[in-house]
Amino acid sequence: MSLLELKNVSKIYGELKALDNVNIHVDQGEWVAIMGPSGSGKSTMMNIIGCMDKPTKGEVLLDGVDISKESSKRLTDIRRDKIGLIFQQFHMVNYLTAVENVMVSQYYHSMPDEQEALEALGRVGLRERARHLPSQLSGGEQQRVCVARALINHPELILADEPTGNLDEANENIVLDLFAQLHKEGTTLIVVTHDPEVAEAAQRTIVLEHGKVAREVINENFGK
Amino acid sequence: MTKRRMFLRMITASLLRRRSRMLIALLSIGIGATILAGLVTIYVDVPRQVGAQFRSYGANMLLLPRDGETLSSEKLSETLQAFPEDTLVGAAPYRYVRLDMTTRQQSFTAAGTDFEQITKTSPYFSIEGAYPSETRQVLVGKEIADTIGVKIGSSMELTYQPVTSSSDRTPEESRVPGASLSGSAEGFGGGMVYASAVLDSEAKIASVTVDVSTQTPEYGGRIAEDEAFLSQLTGRSLPLSLGDGIDALSGATVTSLAVIDALNQATQTTAAAQPKTANFIVTGILTTGGEEEGYLFISLDDMKMMTGEDRLDVAELSVSANVEQLETYAEEIENRHGAVQARLVKRVARSEASVLEKLTALVFLVTLVVLLLTMICVSTTMMAVVSERRREIGLRKALGASDNSIRAEFLGEGLFLGALGGVLGAVLGFVFAQVVSINVFGSSIIFQPLLLPVTVIVSMVIAAVSCLLPIKHAVAIDPAIVLKGE
């Protein structure tokens with residue numbers, strides 16, 4: 001069953017076709033990587049899937065709902081309820097502690113629950129660092145807090161934008177291991193990356209070029 | 001944990017953990033609130049301050065006896081009860097008479113007054129030496145002191161010459177028990193004959209004295225010593241007529257008729273006919289730049305002693321009140337005490353009102369400008385804060401914050417800052433007002449307990465209004481900025 005489906009999606013900025021008649025689908029529980037060089041339309045696609053932008057043409061079905069025509073207020077609700085976001089530059093609220101940063105996500109979603117937030121930090125191995133401010137955490141630790149924040153509300157889809165772009169190899173592996181765990185638990189993952197190693201960790205890779213899907217690669221070594 | 005607690009936790013964390021930036025916002029609100037609180041305090045206290053200032057420019061109300069009535073010290077103190085407690089700054093009574101300085105053959109206007117009250121109603125009086133503190137002491141106006149050359153410690157012999165001019169009473173009205181009467185009539189050869197009589201308790205003649213110095217000594221001139229002629233007049237009621245048991249002095253019929261005529265036309269003279277002389281010691285020289293420099297000032301007790309009367313010509317009142325209140329008091333006094341007339345010294349009362357009006361308008365205007373400047377300052381700071389936190393705002397939106405959540409968070413921070421700045425401003429503002437008051441008005445200010453809540457609420461409102469534009473910008477931030485681009 002597909003969780004996400006893009007049908008003939010185009011995004012046009014004046015003369016530029018950032019996305020040109022793209023068709024993709026992602027099944028429930030699938031782990032998909034989106035690859036492509038700069039300017040290939042990765043970010044535009046990420047914005048549209050992340051409910052932060054609307055396509056010029058086409059349909060975007062998320063969990064059976066067409067989000068391509070929704071108001072931005074409605075998109076905010078959908079994003080909050082169904083999507084967990086992870087960013088390249090981590091983006092933590094710099095005056096809140098690790099656990100408070102996780103709780104911010106709960107706060108906008110439903111109810112802040114410190115215990116649950118601490119458990120989520122425990123899952124990413126940062127239970128002891130819960131009371132630290134972002135400035136007191138390493139980049140890898142910050143990204144793990146962001147993973148905890150993304151999964152705290154049990155989203156249907158985790159959307160990660162270059163999640164390992166600013167991390168060293170050790171931390172990259174930790175984050176990928178976390179993704180693997182989430183995948184095992186049935187969470188759908190879409191990871192936008194230009195790093196082939198990160199892409200290879202996924203079940204399937206969609207390669208974008210010039211705003212079009214150039215090819216799709218099934219990772220035969222997945223899980224091995 | 002409830003949403004509200006998380007909300008407060010985020011706001012306080014934002015303020016406490018981002019100290020330097022928030023300190024600037026707090027400072028701008030705090031300084032604005034300080035000036036506002038200070039100005040409001042001065043604004044509220046200005047009427048009192050200016051009133052006190054104006055009280056030093058002299059009396060703003062006069063009490064006078066109505067025509068044909070007299071005002072005594074007792075009546076004055078009774079009248080003064082019309083004023084509520086603390087509104088009456090001072091009430092100086094005055095009795096004006098002419099006193100002769102016999103040694104120099106000059107006479108001066110002297111005022112009998114209460115020196116303690118003068119210090120309150122006329123604080124601008126400048127004294128070289130001291131106010132009289134005992135009886136038989138005199139304060140001399142500069143002009144007189146210069147003219148006659150008296151110094152502090154000099155002695156002045158002053159005489160009160162009672163006014164003896166005939167009263168307005170007719171001869172018939174004058175014939176009351178105990179009255180002293182005197183009159184004149186034309187005698188022999190056109191010379192005037194003067195006669196005086198004292199009446200007894202039944203208004204009958206008790207004694208008669210005559211002045212016939214203009215008459216021929218051998219004839220009419222004998223009447224003054226003629227007991228037989230004078231004694232036949234006593235025990236009778238006026239008017240008299242010759243023949244009715246009264247015989248003319250032989251050889252002086254014209255003069256005898258003139259005496260009877262003079263008595264028939266005689267009218268009452270004042271009782272205290274005796275001049276009074278006393279020695280006064282000069283204790284001080286008065287400089288005012290006004291007509292007071294031409295007066296002598298003695299105590300009311302001395303004035304009573306000299307004139308034998310307890311009478312006041314006027315009382316100068318210094319009342320702490322505005323024109324409307326003064327008019328109310330004046331009306332009340334006139335209604336309650338028919339014999340007393342209350343008049344406003346319009347010049348003082350009016351200029352006080354107009355200065356007050358201008359001053360409050362000025363303070364109000366400055367307050368308004370400060371209010372505006374504070375708003376601009378806070379707004380600019382909050383704008384900087386918003387642009388500094390663009391990514392954080394974008395992140396919050398990406399995490400699902402609605403526009404209203406963003407508004408609530410920034411407004412919450414603004415209100416928190418406003419409250420904090422307000423408390424700071426109320427405290428510092430009072431200090432500021434105190435310093436201004438002491439330097440400008442020379443008196444300390446009264447703390448208004450209402451100032452604290454009012455300042456806090458006003459600063460919160462200012463902060464909230466100042467946040468409107470920055471919040472608009474915050475809401476407009478696109479959540480997509482958190483994606484890798486920037």
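This is a predicted model: local features need pLDDT of at least 70, side-chain atom pairs count only at pLDDT 80 or more; totals for chains, interfaces and linings use all residues.
How many residue pairs are in polar contact across the interface of chain A and chain B? The legends below start with chain A and end with two residues of chain B.

**Figure 1. Chain A as a whole, with 7 helices and 10 strands.** The radius of gyration of chain A is 17 Å, close to the 17 Å given by the globule rule for 224 residues, so chain A is as compact as a globular protein of that length. Its C-alpha trace spans about 50 × 40 × 35 Å along the principal axes. Of the 224 residues in chain A, 57% are buried. Among the contacts in this chain between residues at least 6 apart in sequence, 67% join residues at least 24 apart.

**Figure 2. The interface of chain A and chain B.** Here 34 residues of chain A are in contact with 32 residues of chain B. Between them the two chains bury about 3,000 Å², of which 60% is on carbon and sulfur atoms. On the side of chain A, Tyr95(A), Tyr107(A) and Tyr108(A) lose the most area to chain B, and together they account for 28% of what that side buries.

**Figure 3. Salt bridges and helices at the interface.** The rule finds 3 salt bridges across the interface of chain A and chain B. One of them joins Arg17(B) to Glu100(A), with 3.0 Å between the closest N and O atoms. On the side of chain A that touches chain B, the elements giving two or more residues are helix H1 (42–49), helix H2 (72–82) and helix H3 (98–109) of chain A. H3(A) gives the most, with 6 residues. By type, the residues of this side of chain A divide into 16 nonpolar, 9 polar and 9 charged.

**Figure 4. Helix H2 of chain A and the elements it packs against.** Leu75(A), Thr76(A), Asp77(A), Ile78(A), Arg79(A) and Arg80(A) are buried in H2(A). Within chain A, the buried residues of this helix pack against strand E4 (57–62), strand E6 (83–86) and H3. They also pack against helix H12 (390–398) of chain B.

**Figure 5. Lys7(A) in strand E1 (residues 2–13) of chain A.** Is this lysine buried, partly exposed or exposed? Lys7(A) has a relative accessible area of 33%, and therefore counts as partly exposed. Not counting residues up to four places away in sequence, Lys7(A) touches Val22(A), Asn23(A), Gly58(A), Glu59(A) and Leu61(A). Ile67(A) is 60 residues from Lys7(A) along the chain, and their C-alpha atoms are separated by 12 Å.

**Figure 6. Leu199(B) in strand E8 (residues 192–199) of chain B.** With a relative accessible area of 4%, Leu199(B) is buried, because buried means under 20%. Leaving aside neighbours within four places in sequence, its contacts include Ser174(B), Arg175(B), Val176(B), Ile205(B), Ala206(B) and Leu238(B). The C-alpha atoms of Leu199(B) and Gly235(B) are 9.0 Å apart, while the two residues are 36 apart along the chain.

**Figure 7. Ser318(B) in strand E13 (residues 314–319) of chain B.** Ser318(B) has a relative accessibility of 0% and so counts as buried.

How values were computed:
Residues are numbered from 1 along each chain as its sequence is written. Chains are lettered from A and ligands numbered from 1 in the order in which they are written. Side-chain values use heavy atoms; hydrogens and water are left out. Helices (H or I, at least four residues) and strands (E, at least two) are DSSP runs, numbered from the N terminus. Buried means under 20% relative accessible area, exposed over 50%, partly exposed in between (1.4 Å probe, protein chains only). Contact means heavy atoms within 4.5 Å. Buried area is the accessible area (1.4 Å probe) that two parts lose on being put together, summed over both. A salt bridge is a side-chain nitrogen of Lys or Arg within 4 Å of a carboxyl oxygen of Asp or Glu. Ala, Val, Leu, Ile, Met, Phe, Trp, Tyr, Cys and Pro count as nonpolar, Asp, Glu, Lys and Arg as charged, and the others, Gly among them, as polar. The radius of gyration is taken over C-alpha atoms; the globule rule is 2.2 Å times the number of residues to the power 0.38.
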